[in-house]
Amino acid sequence: MLPPGEDVTGGATGLPGRVAQMYYTYGLFAASHPKLLSSAVLTVAIICSIPVVNMHLPSNTPQELRTTGPAEEPSQPAPVWFREKPVVYIQQVLVRAAVTPWQSDMILTDAYRAPLSRVFALTETIANFQHGNGSVQDLCFRAEEPVFRSPALLDTHFPRYTCLLLSPAVLWGSDRAAFQQDSNIIETVVRQQKERFYKTTVSNLVFGVPAKETAFTRIYKRQRFLTYAVTVVLRKNDPELLAGLRHRLLELYPLHAAENGNLSSEHVHIFYPARTGVYELLPVALIYIILFIYIYFSVRKMESVKSKLAMSVSALVTVFATLMMSSGILIHHGLQQTLNSREVFPYLIVVVGFENVMVITESVSNTARDLNPRIRIAQGLSRQGWNITKNLFLEITILTIGILTFIPLIQEFCMLAVVGMCCDFFLQLGFFAATLSIDTSLQTALEDEEPAGEPSYADLRLRFPIGARGVQIQRSQSHPGTLSEPLGGPASVVKSLYSMDGLLGRLPRRLTLFYLWARSRFFQRLFSVFLVAWMGLLAYNGGLVHQLLAAVAPPPPAADQAAPAPAAAPAAAAGKLAAALLTAGEPPPPSSAATDDDLTLLRHRDPAVWHRLHDFHWMSLMRVYNVTTRGGYVTVLPPVYVSLAVSPQEALQARHPRDAEVSDRVVDRIALTLGQLEIADIDETGQPSQYPSPSSDYAYVPSSPFEVFLVVLLALPSIAFIIYLLVVLYRCVCSRNYAEWRSSWGADGQCAGDYHQQQVVLEALPLRLSGHSQQVECLQTDGQLLVSCCLAGQVRVWDAVTGDCVRVINRGTATPSPRASREDVHSDYGSGGSPPSRGERHLEQMAKRLSTPQLAQSDHQLTPTVDLTFSSRPAAAPAAADAPYDFSRFLAAREPSEDPGPAPAPRRTHRRVWSAGSAVAGAARDEDRAGAPPERGAIWCMDCSDGLLAVGCSDGSVEVWDAATGALKLVHSEVAVPVTHVRLVGARLVVARFNGTVHILTMQAVQQGVPIDWGYYSCSRPRLPTGGDELRWEAVTQLRWAGLSTARAHQQLITVLECCGGRIVTGSLDHMLRVTRLEDGSPVHTLHGHYGTVTALFVDRCRSEPATAGSGSAEGTLSVWDLTSGLCLYSVPAHDGAVTSLNCNASYILSTGGDERLCVWERFQGHLISKIALSHAYCSQVILLTSNLFVTSRQGSLMVWDLELGEPVRLVRLGDRDSSVFVRQMTPVGDAIVCDYGSELRIVRFPPVSAHQKKEH
Amino acid sequence: MSRLKAAMSDLWRGSVLFSWGCVATAVLRLMRASWHAREEPLDWAALLRWSLLVAPLAGVAAIIVGLAYPLFDRWLNSQPASGRDWASVTRCLALFVGINHANSRFHFATDAELAWTLALLSLALWWTFDRTTCGFVIASLAAAVAHVVAYYLVLRLVFSHSESSLELTRLKAWFPFVAFSAGITIGSVGRQLAAPRSGPKLHCD
């Protein structure tokens, strides 16, 4: 059951409500600065899409094919291009070298110079290698003259008229002497990292591995592991010769030879397409045609905007900017590898779709057109915000699961899609919402120009067919129920249009069966089973299980040497190290644990390290010699892997005399001039290869911290979504809600196509509460209990749910007043039949003001007041104009002072009758105080909270009763000024006195003399009185006054008082409002601005901290205040007469006034939304039932109104007699409304309002 | 008069569906061929021969399925999930092409993986655009029948020389699911054709 004040547009409370609130706030912001926002967002999008410029033209993307041998058939069907011979073969010898063990007295260049110097020997070995009758010199590609001179090195140092053999040695002209004389080798290398050639850099060309691997991107003084390659370009492939070369190199460099020999045996064929084939474009063209048809149909739906063209363009821009942005981001992070993006893009658009854009547009255009465009945008966004967010999270979750499949293609698509969705979300909210708000404001401006075009409500309903995203109300004629049988059940129930049993009653059997099947959710279950099975299959086939099993199982002790078993490695490595060093002819270094680790690190981490070079690397290489590879392919033969351990002695020997200077300052200089070095002290503990077995494509496994961070970022929404899902599921399964959930199934299945929320206002049957002998004057509730007080001074406590009378509290003697008979006569007029005139309260207050001692001095004020009173009476009730009644009222006012008895009832009539006899009543006051027993004054006001009942009396005493038991708990009678308002706020009692003083009394619960924490106690005390608990409470708990603070809030009578969130807001006859702190009574703000008595007040209770308050005054102004700053937000002339009541919800303010109108205001800006004439509705109170239903009272009945349409929805008759009894007071209790009805009470329950909001599809 | 009108409407819908089916089949076949154009050059004659034989069959199937959907909708009082407009139909079509695309471009390790992926995708298509039981049943039936027919054709007639036997085993893995999604797509087209002409506006009432 939903609470009555719930905002339907904002969705339910809890998470959806909060999300909707966020969207609302954001919508306000976006609509305030649309141009700024949209341009900022577009700028961001453009910046993000800059990397797209570097994207290859789609058709030029190199294609790869992998074979295990040179002539073997590939696993996939061979492409056409593979039938030709490759342009060249590439053979790489990858070297991983380091000085080991590293000694602490070494200098910076030691880490580089000696490992690098080995390249010269290696190059010579390779270049001069002969095997059988073939040699590398015969086989290799003979380089001619380099045709490019732009990086100078190409021209001067690159090989010419010899074998095309590239290695870092090229940097020094393949001259060992030049290397040895180079005083700063680091600078030489780093300079070449900056020299770009075509798609790559010179450094990459000569090193043959990505710059990151060379250890030259981060310079710091410690051990470094260099990786470089000797690249030989071959004309022909001679497997024998190359096998011989491989064998020879492994012989020469035996460290890790066993592993290195088995690392990779894959031939990679890279095809560089020459031109785009027509056939290839055909499918893409078709997809794009479909895409454009889709866009056309989508945009055509956009009807309700001002400028269709502009908004369509905006939607298109949103979608295409999304694409650009997401691909830009992905390219920036290097994630776009193999998928041909032009093929994926259209699907991405279709998946991302225009749906959200359309939904936002529709939602905004369905808001009330009279609203401010800002509010419209905010409302539109907040209506759909929850759905949009939910869908986004759902999709991200699904795609994250897709990423977790570790199938490269799916992973790539999912990543693209996730980024695309986030970008789309960003652009929709940033760009599209902003442009939409521009459009909306244009629309509003145009409508303002046409004064004749003010739409009537009928128009509105025609334009927005009933229920279009709004709330549909089904009306039915009211049936006056049989009031004598209040428990006779619901009188008539209007069935929902889609009511299950109503439909099923006439259903054929096939449909019954069909629905049964549909209800059992067969396909949903099937679908989820499929999904789970699919995931399982993929995970199993992807080798995930094997990996996990391998990780769980202990490594076999006799693992074969090729397997990278770290535990077994050091021992084997130590032996090999010895062999390696012996081969090199050097004394063995002191072996240590560190050395073993170093040797492990010397293994090649990534078998296909060259693969991380630019896609066009080999093409660039051949381009140097003007050899085109376009239209042909390059075969990269499996590289030879070499690990080199350089002893510290060798490093010391290789040292250049000026190397010491380098280590100190040159690095800084290089860093300064080149500005790209990363000088950091990051530990490079190379883990063994993160990459799974060298399959055709690598699954994306996050390796760097940044990638892990990204993945975590991606996973967070999924986790949040899953948690939310679990919570929701739990709630559904939880037995309390299960039935409700279950019952919603039927409706859900049938109204799948129905987008509209429905709200059904059903018949309401009033519950009769009788027992008072006279007119009910005060009515209060704390949610469970209902307290009423009649003219006879009798207080009755009712159960708000059942309507049973729980307790009758007789204050003093219960004997009826001797004047009862006369009172009855009087009450026929005064309470039973008299319509309380509009502005009556105002007059009444004026009268009170006159009667206050300090103001009664000016006698001339009396006359107009009395005149006014008399003149207004006949206008309201012509029958009452005759003199005897007036006279009797004078008497009635006077009599209590003459009557020594404690019967308070007649005195109570002051409140009503003062308007007529105020001067006399005022005079009577002094006598009254002197003569009557002080503890039994007439009840002027009541408040009820947590089962406590506070009563303010005319003699200035305040009594606190236990409402459930009827026991008097406390009396405060130290101040003898009559009490006009009391409020119970927790343990505090706010008492407003006749003279404008506010007393804040603090109560304390005492248990056998020891104070109890009141808050705790009031919470833990059972709410509904049951026998045992009641007694216990009775026995142990006493209340006592613990504190009193006085605030002199006003000079004059306080007319309205509200307490909320630790603040007391009071309005007074002195045209001012005061905000007082509840704790100590210290003043916070004084709010000026009214030019008349403050007659109505509301405080926003939507938040715990009161943010806004609104007040209405006797001259008809409505002002809304910001309570935190004390500023007036706006002030509008609301009514012709006094403002008689105010009420508010999250988006509207309702006001009634003396001009018999009810006005609905937009809350944030004060725009008038609708004006409803309330003819003969003599009640100033308006109660909001839901966010768009409110209740007013009229003669003998309550009227339910639709707030948005401004039309009556339902009339609830309170009695079956003639409707001569007026409802004076109403108060909401849960989903019901309690009102007085003469000497009886009525509880009118509106259960249909709170139930059956059709779940939006 | 009204009967004549209804017959005309049926005729019109049938012809539209027929052409839809023919064109879509031919174009998809062409797309498949051109996706594989890297591996082998296009054989236009074979394509034409294939289209002349298969496209009319597919067109007839499209008529049957496309007319059956609205009929069964009316009979079973069911409604598709997504909004009834051409935008959603186009979206469905695009995703159907996407399924075909995935089928021919993604290389899966095993046929089972391919089959499961396609099954999931086609189910997702059904869930997104249709979500009615009768839609599911009709599409499944159509897929089953189409599969049998296609198998026979492949075995006996057209494909015996143009496609390898490997293709025949693969066919088992992908064809039913593609046919199922084709059924869903044609169904949504048929529904949309049968919908009242005035579109969403009238629909609100």
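Two strands pair if DSSP finds at least two bridges between them. The model described here is predicted. In chain A, strands 15-16-17-18 follow one another in that order in an open sheet of four strands. The pairing is antiparallel. Strand 15 (776-781) and strand 18 (805-810) of chain A stand at the edges. Each has a single partner strand, so one side of each is left without a neighbour in the sheet. Neighbouring strands of this sheet are turned against each other by 20 degrees on average, direction ignored. Within the sheet, strand 16 (residues 785-790) and strand 17 (residues 794-799) of chain A are joined by five bridges and run antiparallel. A:Ser788 faces A:Arg796 of strand 17 of chain A across this pairing.

Another open sheet of four strands in chain A has the order 40-41-42-43, with antiparallel pairing. Its edges are formed by strand 40 (1182-1186) and strand 43 (1207-1213) of chain A. Each of these has a single partner strand, so one side of each lacks a neighbour in the sheet. The twist averages 30 degrees from one strand to the next. Four bridges connect strand 40 of chain A with strand 41 (residues 1189-1194) of chain A in the antiparallel sense. Here A:Leu1184 stands opposite A:Phe1190 in strand 41 of chain A. In a regular strand the side chains alternate between the two faces of the sheet.

Strand 38 (residues 1157-1162) and strand 39 (residues 1168-1173) of chain A also pair in the antiparallel sense, over five bridges. A:Cys1159 has A:Lys1171 of strand 39 of chain A as its bridge partner. The two strands form a hairpin with five residues between them. A:Gly1166 in this hairpin takes a positive phi near 80 degrees.

Helix packing was examined next. Helix 1 (residues 15-32) and helix 15 (residues 373-403) of chain A pack at an angle of about 140 degrees. Their axes are 7 Å apart. Angles over 145 degrees count as roughly antiparallel, and the two helices of chain A, helix 1 and helix 15, are therefore oblique to each other. Helix 1 of chain A passes helix 15 of chain A in a right-handed crossing. On helix 1 of chain A, the contact residues include A:Leu15, A:Val19, A:Tyr23, A:Gly27 and A:Ala31. On helix 15 of chain A, they include A:Arg374, A:Ile377, A:Leu381, A:Gly385 and A:Trp386. By class, this contact of helix 1 with helix 15 of chain A has 15 nonpolar, six polar and one charged residues.

Helix 2 (residues 34-49) and helix 12 (residues 308-332) of chain A also have axes 7 Å apart, at an angle of about 40 degrees. Helix 2 and helix 12 of chain A are therefore oblique to each other. Their crossing is left-handed. A:Leu42, A:Ala45, A:Cys48 and A:Ser49 of helix 2 of chain A meet residues of helix 12 of chain A, among them A:Val317, A:Ala321, A:Met324 and A:Gly328. The contact of helix 2 with helix 12 of chain A divides into eight nonpolar, two polar and no charged residues.

In chain B, the axes of helix 2 (residues 44-76) and helix 5 (residues 133-156) come within 10 Å and cross at roughly 160 degrees. Helix 2 and helix 5 of chain B are therefore roughly antiparallel to each other. The crossing of these chain B helices is right-handed. Helix 2 of chain B contributes residues including B:Leu53, B:Leu57, B:Tyr69, B:Phe72 and B:Asp73. Helix 5 of chain B contributes B:Cys134, B:Gly135, B:Ile138, B:Ala139, B:Ala142 and B:Leu153. By class, the contact of helix 2 with helix 5 of chain B has 13 nonpolar, one polar and one charged residues.

Side chains of opposite charge can pair when their charged atoms come close. Over all chains, the structure holds nine salt bridges. In one of them, the side chains of A:Arg118 and A:Glu650 meet at 3.0 Å, N to O. A:Arg118 lies in helix 3 (residues 110-127) of chain A and A:Glu650 in helix 25 (residues 648-653) of chain A, so the pair ties together parts 532 residues apart in sequence.

Most residues other than glycine have a negative phi, and most peptide bonds are trans. The peptide bond from A:Thr100 to A:Pro101 is cis, with omega near -5 degrees. A:Pro101 lies in the loop between strand 2 (88-99) and helix 3 of chain A. A:Tyr161 is a residue other than glycine with a positive phi, near 55 degrees. A:Tyr161 is located in the loop between helix 5 (152-157) and strand 5 (165-166) of chain A.

Methods
Residues are numbered from 1 along each chain as its sequence is written. Chains are lettered from A and ligands numbered from 1 in the order in which they are written. This is a predicted model: local features need pLDDT of at least 70, side-chain atom pairs count only at pLDDT 80 or more; totals for chains, interfaces and linings use all residues. Side-chain values use heavy atoms; hydrogens and water are left out. Axes are lines fitted to C-alpha atoms, for helices over the stretch in contact, and angles run from 0 to 180 degrees between N-to-C directions. Angles under 35 degrees count as roughly parallel, over 145 as roughly antiparallel, 65 to 115 as roughly perpendicular and the rest as oblique. A crossing is left-handed if the near helix is turned anticlockwise from the far one by less than a right angle, and right-handed if clockwise. Contact means heavy atoms within 4.5 Å. Ala, Val, Leu, Ile, Met, Phe, Trp, Tyr, Cys and Pro count as nonpolar, Asp, Glu, Lys and Arg as charged, and the others, Gly among them, as polar. A salt bridge is a side-chain nitrogen of Lys or Arg within 4 Å of a carboxyl oxygen of Asp or Glu.
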